[in-house]
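Please examine the structure below.

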Amino acid sequence: AEARPVPPAAEGELVGRGRQKGVPGAVRSESAILQISAGFHQVKIGERGGRRRDFHDVGINTRGAMEHVKESKTGVSGSAIELRANYFRILSRPQWVLYQYHVDYNPPMESRRLRSALLYMHDETLGSTRSFDGAILFLPHRLPNVETVLFSETRQGNKIKITITLTNELPPTSPVCLQFYNIIFRRILRMLNMQQIGRHYYNPNDPLNIPQHRLMIWPGFTTSILQYERSIMLCTDVSHKVLRSETVLSFMSQLRQQAGDQRFPEACTKELVGLIVLTRYNNKTYRIDDIAWDQTPNNTFTRRDSEISFKDYYKTQYNLEITDGNQPLLVSRIKRMGPSGAPPPGPAMLVPEFCYLTGLTDKMRSDFHIMKDLSTHTRLTPEQREQRLSRFITNIHRHAIISKLNSWGLNFDNKLLTIQSRVLPAERISQGPRTYDYNPWVADWSKEMRGAPLISSRPLDEWIMLYTRRNADSAQALLQNLHRVSQPLGIRMQRAAMIEVEDRQESLLRALQQNVGPNTQMVVCILPTNRKDKYDCVKKFLCVDCPTPSQCVVARTLSKPQALMTIATKIALQMNCKMGGELWAVDIPLKQLMIVGIDCYHDTSAGKRSIGGLVASLNGKMTWFSKCVLQSRGQEIIDGLKLSLQGTYTALKAWMKYNDALPTRIIVYRDGVGDGQLQSVVSYEVPQILDCIKALGQDYNPKLTVVVVKKRISSRFFARVSGKLSNPPPGTVIDTEVTRPEWYDFFIVSQAVRLGSVSPTHYNVVYDSSGLKPDYMQRLTYKLCHMYYNWQGIIRVPAPCQYAHKLAFLVGQSIHKEPHTNLDDFLYYL
């Protein structure tokens, strides 16, 4: 069918996902039918009642407002390299009008599988080519009536009324068609027997078992179909879901044996609340918010005006038998709104017997053996990753599935995308009087920097070292090695005051209170174990009550005498940074440039508070100013951080103190922006930053750039080196083909990895009044990845982002308060 010209939807017509304002009329005129949601191809998906979050930030066009990148956003520096990317082109797509319907069930059906089965009983009415995701039905042809009523019967003989209402006619140019292609593709994944968990699909029939740790890995894929520079493409990457091969009920039984009946409820609450569980009957994940000790599966709840027990509900709805009738129920609070803006539904009550634990606990993450055994399955080399992706696409091109795609007019390429890219030239590192090169493939200069004095070092005259009697020898050995390594680095170090403390938190705190004075420049604590409470106690006291830079060292780190010199060098460098020293630099030609990094951390222990970290450069040598704000739930992070830019103890005031003038350029790198949150950065955060600048006076008008930094992405790039597929070299920039036409964006592969596939970082310049050429923007960003003083090499994000992350993490994990302003000019959180 050809697309007919249709006027925009009239007010009061069908809205959202087929939900209607007002009562549906019995008969509609032809003109009313013509008006159904027709302006939809101009509407962003996020405006459709907001039920589905748009994780790909479609429809946010920021490039159009930047004159200097309208024609081209590509750089020119560096040497050419050919890459392969985990993208597959769509070779053909439907060129007809798509019809979108909303499907309603009476009585309501919770199981999506059951909803589909009941609808698919009506092939003669709907036809065999259709796509249904549980609520929205897409058809390539129009049904005779705007509203179609059908009746189906469940196996138990219950009659179900199904109402199918036309909500949209979509021309092939509509962005909603992309959403439809994604729905079709998810259907293909289900045909491959994959199951959806969260946003991605996994294969439960091909699990990787790690029995010694009671873990199971489901292999799967992340997939998304989007419009890129020149074509619509499928981006797909390998994903893994770590499940525990035990139910919550068996975990609780073991815990009861370990803790005893009396301590069991308290131990159980501590271990389980906050964990994510998977219910296999519907493959949904839930967060455990509480345990209902007074509820069992024999309790009843109201369903469709009648009472039903949990036991009977699971039997009728999912055909599952509950064996333990005395188990308590788990409580998960549902966050989403109810239908049509009604209040949220009550909490979900879950049966421990049907819940499987997912993910890893902190204890598991700190277990070297578990992580090593996991990484053998999950860290794929570029060749393994490419093989897995190629096998996946080959499966899709199998006869039964390809015919399904063809019936919708969709056809995918079966080869990974090949793109032309560039590798930026390696940077020269300057350190004191010396400048040197490093091996660009290794992206590390720890060997090259040995024996050379630092750019600037702080003399260490008054400092103390705390240790327990058991670690006395380690403390002396560390002290000797620190003196040995500090001289070549140009650090003047006096002998520390050595203080022995008992291995108790109170003893440690008392020693700090009695010995740390206003002249103390540094406190070094040798902790017997990596217990969090002792570390938190040290950091709380020295960051809030008595602001002093501190360095904690776990005794085990000092246990290998042959590695002690290397460890002492790293500790000496870290101590020097924390006191305001500078280690090395790269050449940044732009003068009067302030660089700002923003990141946030969500502190779950303090009722979902957010901690925003802001770190700003104060001069060309990259002296840093750091500020942290604690926000209550629901508050925008920038509300507090804008005060850190313009208030009394703030970045711009500090810059003024160092330079006797304000910066002429400000570049903000904003990290920690989740999927679907770009709109709030563009429409809320950027104006707030502009207001901060305006507040400093009418005649102050610096050039501002705001860049959103994203690490959690599915894009992967591979280079062919010496005949085999490898990771691209550090400094690889990708700014064509796989970028988005409506954005000024690029990818940089900045770090080198020894194991697995390297992850690129995505940079999206959402605001730019500087007119800086894209090439300079890319080069500057890459240069900043060299400036993180805690690692003698290139890191994945610009240094101010990593500093902001470290700051927010320290405050959110250990301090839970705003640090003292005396520490603002120091990298005390490294």
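F132 stands opposite L137 in strand 5; strands (E, at least two residues) and helices (H or I, at least four) are DSSP runs numbered from the N terminus. This is a predicted model, in which local features need pLDDT of at least 70 and side-chain atom pairs count only at pLDDT 80 or more, while totals for chains, interfaces and linings use all residues. Residues are numbered from 1 along each chain as its sequence is written, and side-chain values use heavy atoms, with hydrogens and water left out.

Strand 4 (residues 131–132) pairs with strand 5 in the antiparallel sense over two bridges, where pairing requires at least two DSSP bridges between the strands. Three residues separate the two strands in a hairpin, and G134 in its turn has a positive phi of about 110 degrees. Strand 5 is also joined to strand 3 (residues 98–106), antiparallel to it, by four bridges; Y99 has L139 as its bridge partner.

In a regular strand, side chains alternate between the two faces of the sheet. Strand 5 (residues 136–139) is covered on both faces, with I136 and F138 buried on one side and L137 and L139 buried on the other. Buried means under 20% relative accessible area (1.4 Å probe, protein chains only).

Elsewhere, helix 11 (residues 472–489) packs against helix 14 (residues 564–578) at an angle of about 65 degrees, with the axes 8 Å apart. Axes are lines fitted to C-alpha atoms over the stretch in contact, and angles run from 0 to 180 degrees between N-to-C directions. The two helices are therefore roughly perpendicular, a term covering 65 to 115 degrees.

Methods: Buried means under 20% relative accessible area, exposed over 50%, partly exposed in between (1.4 Å probe, protein chains only). Angles under 35 degrees count as roughly parallel, over 145 as roughly antiparallel, 65 to 115 as roughly perpendicular and the rest as oblique.
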